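Colleague: I have a new model open and would like to learn how to read it. Could you walk me through it, feature by feature?

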Amino acid sequence: MRLFGFVAGYQTTSYKEQDPVNIKAAERMGKLHDKLKAIGYQGHELEVYLVRLLFCLFADDTSIFERRQFQDLIEQRTAADGQDLAQWLDNLFQVLNTIPARRLQNLDEQLAAFQYVNGSLFAERLRTARL
């Protein structure tokens, strides 16, 4: 019956171990969630901030952004101790919400290289997180 189950519409379900990279990423997002909550980000604001970060990570990994564009921005433009990370993220979120023709002419070239993200994910102005 198992060999021909597809004929009757049965589906085979198989389970496999989660990729360790995914587990580590989920743990890190959980820690970030807790740190943001500790500084006063809660509810909708916290959810939106985390979804934006997840989108940027996903976009960097799936060619929505140019290869490593988000990672390079963070590695090359932010201070090693992370003191200005939140400000750079805030700037990026504004850029992603602005069509290129409406962006400031003196915008950092690395930020200006990001494409406009159509939709409302980056439309709402959030407080700068001060990570």
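**Reading the helices and salt bridges**

Modeller: Gladly. Let's start with a pair of helices: α2 and α4 are roughly perpendicular to each other. Their axes cross at roughly 75 degrees and come within 12 Å. Keep in mind that this is a predicted model.

Colleague: Which residues make that contact between α2 and α4?

Modeller: From α2 come Y49, R52, L53 and C56, and from α4 come A86, L89, L92, F93 and L96. Sorted by class, the contact of α2 with α4 has eight nonpolar residues, one charged and no polar.

Colleague: How is a pair of packed helices described in general?

Modeller: By two values, the angle between the axes and the distance between them. C56, L57 and D60 of α2 meet Q69, F70 and Q71 of α3. The classes in this contact of α2 with α3 are three nonpolar, two polar and one charged.

Colleague: Let me step back to the whole chain. How many helices and strands does the chain have?

Modeller: Five helices and zero strands, so the order from the N terminus reads α-α-α-α-α. Of its 131 residues, 29% count as buried. For contacts with a separation of 6 or more, 54% come from residues 24 or more positions apart.

Colleague: Which residues of α3 are buried?

Modeller: Buried means under 20% relative accessible area, and in α3 the residues that qualify are Q69, F70, D72 and L73. To see how they are arranged, look down the axis: they span an arc of only 165 degrees, which puts them on the same side of α3.

Colleague: And what covers the buried residues of α3?

Modeller: The cover includes α2, α4 and α5.

Colleague: Now the charged side chains. How many salt bridges does the count come to?

Modeller: The rule asks for a side-chain nitrogen of Lys or Arg within 4 Å of a carboxyl oxygen of Asp or Glu, and the count comes to five salt bridges. One of them is between R127 and E45, where the closest N and O atoms are 2.5 Å apart. R127 lies in the segment after α5 (109–112) and E45 in helix α2 (residues 43–61), so this pair ties together parts that are 82 residues apart in sequence.

Colleague: What about the salt bridge of D108?

Modeller: D108 pairs with R77, with 3.1 Å between the closest N and O atoms. D108 sits in the loop between α4 (85–96) and α5, and R77 in helix α3 (residues 69–77), so the pair links distant parts of the chain, 31 residues apart. Both partners are partly exposed: D108 has a relative accessibility of 23%, and R77 has a relative accessible area of 29%.

Key. Residues are numbered from 1 along each chain as its sequence is written. This is a predicted model: local features need pLDDT of at least 70, side-chain atom pairs count only at pLDDT 80 or more; totals for chains, interfaces and linings use all residues. Side-chain values use heavy atoms; hydrogens and water are left out. Helices (H or I, at least four residues) and strands (E, at least two) are DSSP runs, numbered from the N terminus. Buried means under 20% relative accessible area, exposed over 50%, partly exposed in between (1.4 Å probe, protein chains only). The arc is that of the directions from the helix axis to the C-beta atoms. Contact means heavy atoms within 4.5 Å. Axes are lines fitted to C-alpha atoms, for helices over the stretch in contact, and angles run from 0 to 180 degrees between N-to-C directions. Angles under 35 degrees count as roughly parallel, over 145 as roughly antiparallel, 65 to 115 as roughly perpendicular and the rest as oblique. Ala, Val, Leu, Ile, Met, Phe, Trp, Tyr, Cys and Pro count as nonpolar, Asp, Glu, Lys and Arg as charged, and the others, Gly among them, as polar.
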